[in-house]
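These are my notes from a look through one model. I began with the sheet and the helices on it, then turned to a pocket and a single residue.

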Amino acid sequence: MSDTELHYPFADPPAAASTIEVAPGVLWLRMPMPFPPGHINLWLIADGEGWALVDTGLATDVTRELWQSLLRRYRLTRLICTHFHHDHAGLAGWLCAGQGVGLAMPEAEYHALQDTWARTLAGIHRNDERDFFTAAGLPPATLSLAVASFRDGNFVSPPPATFTPLSDGDELAIGCHRWRVMTSGGHSPEHALLYCAELGVLIAGDQLLPRITPSVGLNLSNRLGDPLACWMAAMQVLQNLPAATLVLPSHQLPFIGARQRAARIAAYHHRQLASLARALTVAPASAYGLSQSLFTRLSNPVAELMAVSETLAHLRHLQLCRQAACYPGADGIIYWQAATQPVSLLQGS
Ligand SMILES: [Zn+2]
């Protein structure tokens with residue numbers, strides 16, 4: 001996907017344990033990750049005598065050491081996590097306990113973080129989740145390898161016992177500016193973005209990345225919903241932001257061009273839906289089989305699992321539009337085929 005319409009005001013990221021001011025009172029820092037994309041961007045917002053932190057980095061020794069250095073210069077006043085994924089909230093408990101600050105995050109994200117921690121502690125992957133992906137056709141060997149690499153990760157510290165819930169539309173006073181909370185499902189249950197109209201800045205988390213199309217997945221817990229529709233609604237909202245908005249994404253470089261980027265991501269999903277709808281008219285297939293033709297560069301078992309999850313999100317949407325139907329095969333795998341009487345749920349689809 002071309003990103004030629006995007007403008008990158010900062011050519012280089014901050015060095016380890018350093019910061020770059022990207023807007024008045026908003027600092028950019030980075031933490032490393034031992035897997036792609038290799039880093040996460042974090043943000044400090046001037047907050048009176050100290051700094052409000054957005055997201056934490058993974059719970060690794062390397063990240064903890066970098067934080068020790070940064071915390072000598074920056075006193076934290078509070079922690080805000082955009083969503084529960086390890087790179088965003090893995091060190092929430094460690095930072096809150098060590099710095100005596102509170103955590104704010106959307107309620108569904110906090111409970112997902114607690115659930116992730118409980119599973120990490122028990123060293124288990126839920127069997128019902130395993131069954132869910134087996135029924136989608138993912139080969140057992142691939143599933144076992146993917147589960148093993150999640151288990152090896154252990155990138156989360158014990159979450160704080162309490163939190164302040166953030167809801168869509170909340171206004172947060174941080175220092176001398178107000179930031180509006182915008183939440184959406186699709187990538188995670190209730191992902192939060194922070195938008196400051198006065199500064200013209202959007203802290204986008206994983207919702208809007210300049211060169212990666214964020215994953216949108218169906219899994220055991222959201223399988224009765226329509227995560228793709230949630231995601232597309234969020235892309236629509238982002239296309240209404242002022243054109244000059246500086247987007248601060250969790251990965252890659254800050255950029256200007258929120259509208260174009262959100263439109264491109266939405267167009268990508270429309271194309272995927274169309275490809276899938278065509279494939280369903282050929283022959284019944286499992287979500288795994290369909291994912292293998294939709295995603296051509298799957299390099300490891302985790303990527304294959306995520307591709308199945310995203311294919312399922314698209315299939316679920318087509319099912320709700322009555323363009324797809326599924327039935328259980330004698331082999332225990334769910335097969336998908338075209339259905340008649342389509343209706344359109346997505347704007348423009
Ligand atoms: Zn994420």
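Two strands pair if DSSP finds at least two bridges between them. Helices (H or I, at least four residues) and strands (E, at least two) are DSSP runs, numbered from the N terminus. The model is predicted, so I kept in mind that local features need pLDDT of at least 70 and side-chain atom pairs pLDDT 80 or more, while totals for chains, interfaces and linings use all residues. Residues are numbered from 1 along each chain as its sequence is written, and side-chain values use heavy atoms, without hydrogens and water.

Entry 1, the sheet. Strand E3 (residues 39-47) and strand E4 (residues 50-54) are antiparallel, paired over five bridges. They belong to an open sheet of seven strands in the order E1-E2-E3-E4-E5-E6-E7, with mixed pairing. E1 (20-23) and E7 (164-166) are the edge strands, each pairing on one side only. From one strand to the next the twist averages 30 degrees.

Axes are lines fitted to C-alpha atoms, for helices over the stretch in contact (heavy atoms within 4.5 Å); angles run from 0 to 180 degrees between N-to-C directions. Helix H1 (residues 61-71) lies across E2 (26-32), E3, E4 and E5 (76-80), at about 150 degrees to E2. Helix H3 (residues 92-99) packs on the sheet, touching E4, E5 and E6 (103-106), and makes about 160 degrees with E5.

Which residues of H3 are buried? With buried meaning under 20% relative accessible area, exposed over 50% and partly exposed in between (1.4 Å probe, protein chains only), they are Ala92, Gly93, Leu95 and Cys96. Their cover includes E4, H1, E5, helix H2 (86-89) and E6. After H3 comes Gly100, with a positive phi near 65 degrees.

Entry 3, the second largest pocket. A pocket is an open set of points on a 1 Å grid over the protein atoms alone, where a 1.4 Å probe fits, with protein on both sides within 12 Å along at least five of seven lines; lining residues have an atom within 4 Å of a point. Among the lining residues I noted Phe132, Arg223 and Trp336. H10 (301-320) gives the most, with three residues.

I found Ala229 in helix H7 (residues 227-238). Ala229 counts as partly exposed because its relative accessibility is 27%.
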